[in-house]
Amino acid sequence: MDTTHTPPRWTIAQIEALFELPFNDLMYRAQTVHREHFDANAVQRSTLLSIKTGGCPEDCGYCPQAARYHTGVENEDMLSVEKVVAAAQCAKDNGATRFCMGAAWRGPKQRDLDKVIDMITAVRGLGMETCATLGMLKDGQAEQLKQAGLNYYNHNLDTAPAFYGEIITTRTQQDRLDTLSRVREAGLHVCCGGIVGMGETRQSRAALIAQLANMEPYPESVPINNLVQVEGTPLHGTAQLDLLEFVRTVACARITMPRAMVRLSAGRQEMPEGIQALCFLAGANSIFYGEKLLTTGNPDVEKDQALFAKLGLKPLQC
Ligand code: SAM
Ligand code: DTB
Ligand code: SF4
């Protein structure tokens, strides 16, 4: 993928104007952009695995893995390389092309990173693409991951700058941008998106999309998560986002980041198939695939295979 182009700059007002379009017009624009750059009937599948669950010191208000919230998620040891490879093989057998390893850390210590590097090497050995989401990276850590053969690093902006402080206080958005720069400079592909349905305004959703679209270059992969509300987290009980507004968010991501893989991410289990179909029409061309995200549920493989068959979707090999 060409990552050297300079994306057009999008103002928040321009993206708000996209959000305001009549739904059919927005879908038409998103689908038109999508067809200019991708096969409209192909969707890439990534499988997630939590390689280190729970006990996280951060205070992200949405997250069941933060030690300070009582969500029933226990602080577990890091998985063995053997367990990770077995899960990756299973994901590959089911048709996933990318394997994403997530850890509930503020950031990895060197001994953690050494073990993750063994996992990356082993999963690459299966012929899969790899992604890792390990929290903030210090100087030199992204280079080590690149050296090990990692393809993507996921680190989300999560929400608009103006709303960010309502959700997380233990790290700033600038911390996140610094990690993203390290990832980019190390030559890794950037996977960066956010969460909606956290009580933010439409303007905040537009501001998040603007921030992503104005990165130079914008991320190769953009996960759009709908908040999965977990009991015990501060955001449990937030008013649910109208799912058509979620579809609009996907469409705005597609229009403003035409070459990115836009991933319909967390929250899919709670979405009727019709809404998922609208997300694909709006330009989503990637999903998390497999019955679990990190700690919460995702549709069963059989259900997704049936949905693909029903919609005439084929797997995308990238
Ligand atoms: N600890 C690392 C970090 O925060 O960078 C990596 C794992 S963290 C769980 C990865 C991302 O998952 C978060 O940035 C957030 O966007 C998403 N996420 C976590 N909990 C979620 C939830 N309940 N609903 C939707 N997305 C969620
Ligand atoms: C992303 O944007 N969404 C994924 C992945 N990147 C790591 C994580 C979703 C987590 C949902 C809550 C859970 O399962 O714990
Ligand atoms: Fe920790 Fe990541 Fe969850 Fe935040 S999102 S509490 S950093 S695991």
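Helices here are DSSP runs of H or I with at least four residues, strands are runs of E with at least two, and both are numbered from the N terminus. Before the notes themselves, some housekeeping. This is a predicted model, where local features need pLDDT of at least 70 and side-chain atom pairs count only at pLDDT 80 or more, while totals for chains, interfaces and linings use all residues. Residues are numbered from 1 along each chain as its sequence is written, chains are lettered from A and ligands numbered from 1 in the order in which they are written, and side-chain values use heavy atoms, with hydrogens and water left out.

1. Let's start with Asp158. You'll find Asp158 in the loop between β4 (152–154) and α6 (161–167). Its phi is near 75 degrees, a positive value in a residue other than glycine. As background, most residues other than glycine have a negative phi. Asp158 is also buried, with a relative accessible area of 3% (buried is under 20%, exposed over 50%, partly exposed in between, using a 1.4 Å probe and protein chains only).

2. What holds polar atoms next to ligand 1? The side chain of Asp158 has an N or O atom 2.7 Å from an oxygen atom of ligand 1. From the backbone, a polar atom of Val228 is 3.0 Å from a nitrogen atom of the ligand, and an N or O atom of Trp105 lies 3.2 Å from a nitrogen atom of the ligand. Taken alone, ligand 1 exposes 550 Å², and the protein buries 91% of that (Shrake-Rupley areas with a 1.4 Å probe).

3. Now for ligand 2. Its surroundings include Leu48, Asn154, Asn156 and Phe288, and the shell divides into six nonpolar, six polar and no charged residues. Oxygen atoms of ligand 2 lie 2.8 Å from a polar side-chain atom of Asn225, 2.7 Å from one of Thr295 and 2.8 Å from an N or O atom in the side chain of Thr296. The protein covers 88% of the 410 Å² of accessible area that ligand 2 has on its own.

4. Ligand 3 has Cys56, Cys60, Cys63 and Arg171 among the residues around it. Its shell has seven nonpolar, no polar and two charged residues.

5. Two spots away from the ligand paragraphs. A cis peptide bond joins Glu216 and Pro217, with omega about -5 degrees, and Pro217 lies in the loop between α8 (202–213) and β7 (221–226). For context, most peptide bonds are trans. In helix α8 itself sits Arg205, which is buried at a relative accessible area of 6%. A polar contact of 3.0 Å joins its side chain to that of Glu245 (a pair of N or O atoms within 3.5 Å; within protein, one must be able to donate a hydrogen and the other to accept it, and residues adjacent in sequence count only if both atoms are side-chain atoms).

Terms used: Near = heavy atom within 4 Å. Nonpolar A, V, L, I, M, F, W, Y, C, P; charged D, E, K, R; others polar.
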